[in-house]
Amino acid sequence: MDEKKIDRRITRTKRMIRDAFTQLMEEKGFEAITVSDLTEKADINRGTFYLHYKDKYDLLEQSEEEVFEELDKITEEAWKAINLKDRNNLEGGMPLPFVIKLFEYFEENATFMNVILGPNGDPSFQVRLKEVIKKKMLDKFFLITEEEKRMVPLDYLTAYISSAHLGVIQHWLKVGMDKSPHEMATMLSQTTFWGPAKVAGLTFD
């Protein structure tokens, strides 16, 4: 059989398994899922499942790893293109192009992301995603900021911003992505660089 056809078949089968996995996590939570549940929902036999995964824990790990590999690729490619113009755009409340791409990725994988970040999801995934936001986005950005002008210790600042970013992503997914990726990236940029008080309309004149 043609190798490309085999690859497509494998990709399709793994997608069916992950879709079934996502639905079951939403319905009953990870701990309650069995391999029998997965094979029945995906309409495959157990042998097919075990060709690709050792067990449900391996399925969860591989599914999450695929997400982080893609996020890593997006952020690494983006930082190569960052320049002074982007910094000036941020000061004007414009979003970085790669943040828009991140939201586009979340939108494309909304069902899985909503479940994995929801109450029946994996808490360790949330912790790791915050760390990705911190390491891949904030730490690199703060390398081009002026240390003497910082009003808050960097570790507290990155903890605050990464938690806020994750909360915004979770809310957006939960409410059905009522804003476009561009709108979401703009809101995050404005809130991060102008501050919550300003974007909330608070004035102290």
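Modeller: Let us begin with Phe 103 and Phe 106, both of which are buried (buried means under 20% relative accessible area and exposed over 50%, with partly exposed in between, for a 1.4 Å probe and protein chains only). Before we go on, please keep in mind that this is a predicted model, in which local features need pLDDT of at least 70 and side-chain atom pairs count only at pLDDT 80 or more, while totals for chains, interfaces and linings use all residues. Residues are numbered from 1 along each chain as its sequence is written, and side-chain values use heavy atoms, with hydrogens and water left out.

Colleague: Okay, and where do Phe 103 and Phe 106 lie?

Modeller: Both lie in helix α6, which covers residues 97–108, and they are three residues apart, about one turn of the helix. Helices here are DSSP runs (H or I, at least four residues; strands are E, at least two), numbered from the N terminus.

Colleague: How many helices and strands does the protein have?

Modeller: The protein has eleven helices and zero strands, and of its 205 residues, 39% count as buried.

Colleague: Back to the rings, then: how many aromatic pairs does a search of the whole structure find?

Modeller: The search finds eight aromatic pairs. One of them is formed by Phe 68 and Phe 125, a tilted pair with 4.9 Å from centre to centre and 40 degrees between the planes. This pair links distant parts of the chain, since Phe 68 is in helix α4 (residues 56–81) and Phe 125 is in helix α8 (residues 123–142), 57 residues apart. Phe 68 counts as buried because its relative accessibility is 6%, and Phe 125 is buried as well, with a relative accessible area of 1%.

Colleague: And why is the pair of Phe 103 and Phe 106 called edge-to-face?

Modeller: Their ring centres are 6.2 Å apart and their planes stand at 85 degrees, so the pair is edge-to-face. The rule is that rings of Phe, Tyr and Trp (its six-membered ring) pair if their centres lie within 6.5 Å, and that planes under 30 degrees apart are stacked, over 60 edge-to-face and the rest tilted. Phe 103 and Phe 106 also belong to one aromatic cluster together with Tyr 105 and Trp 172.

Colleague: Switching to packing, at what angle do α6 and α10 pack?

Modeller: Helix α10 (residues 181–194) and α6 pack at an angle of about 130 degrees, with their axes 8 Å apart, and that makes α6 oblique to α10. Axes are lines fitted to C-alpha atoms, for helices over the stretch in contact, and angles run from 0 to 180 degrees between N-to-C directions; under 35 degrees counts as roughly parallel, over 145 as roughly antiparallel, 65 to 115 as roughly perpendicular and the rest as oblique.

Colleague: Which residues of α6 and α10 meet?

Modeller: On the α6 side there are Val 99, Ile 100, Phe 103, Glu 104 and Glu 107, and these meet Pro 181, His 182, Met 184, Ala 185 and Leu 188 in α10, where a contact means heavy atoms within 4.5 Å.

Colleague: How do the axes of α9 and α10 cross?

Modeller: Helix α9 (residues 154–174) and α10 have axes that come within 11 Å and cross at roughly 150 degrees, and the two helices are therefore roughly antiparallel to each other. In α9, Ile 161, His 165, Val 168 and Trp 172 meet Met 184, Leu 188 and Thr 192 in α10.

Colleague: What about Thr 111, buried or exposed?

Modeller: Thr 111 is exposed, with a relative accessible area of 53%, and is found in helix α7 (residues 110–116). The C-alpha atoms of Thr 111 and Gln 23 are separated by 8.5 Å, although these residues are 88 residues apart along the chain.

Colleague: Last one: which residues is Thr 13 in contact with, leaving aside its neighbours within four places in sequence?

Modeller: Those residues are Thr 48 and His 52. Thr 13 has its place in helix α1 (residues 3–28) and counts as buried, at 14% relative accessibility.
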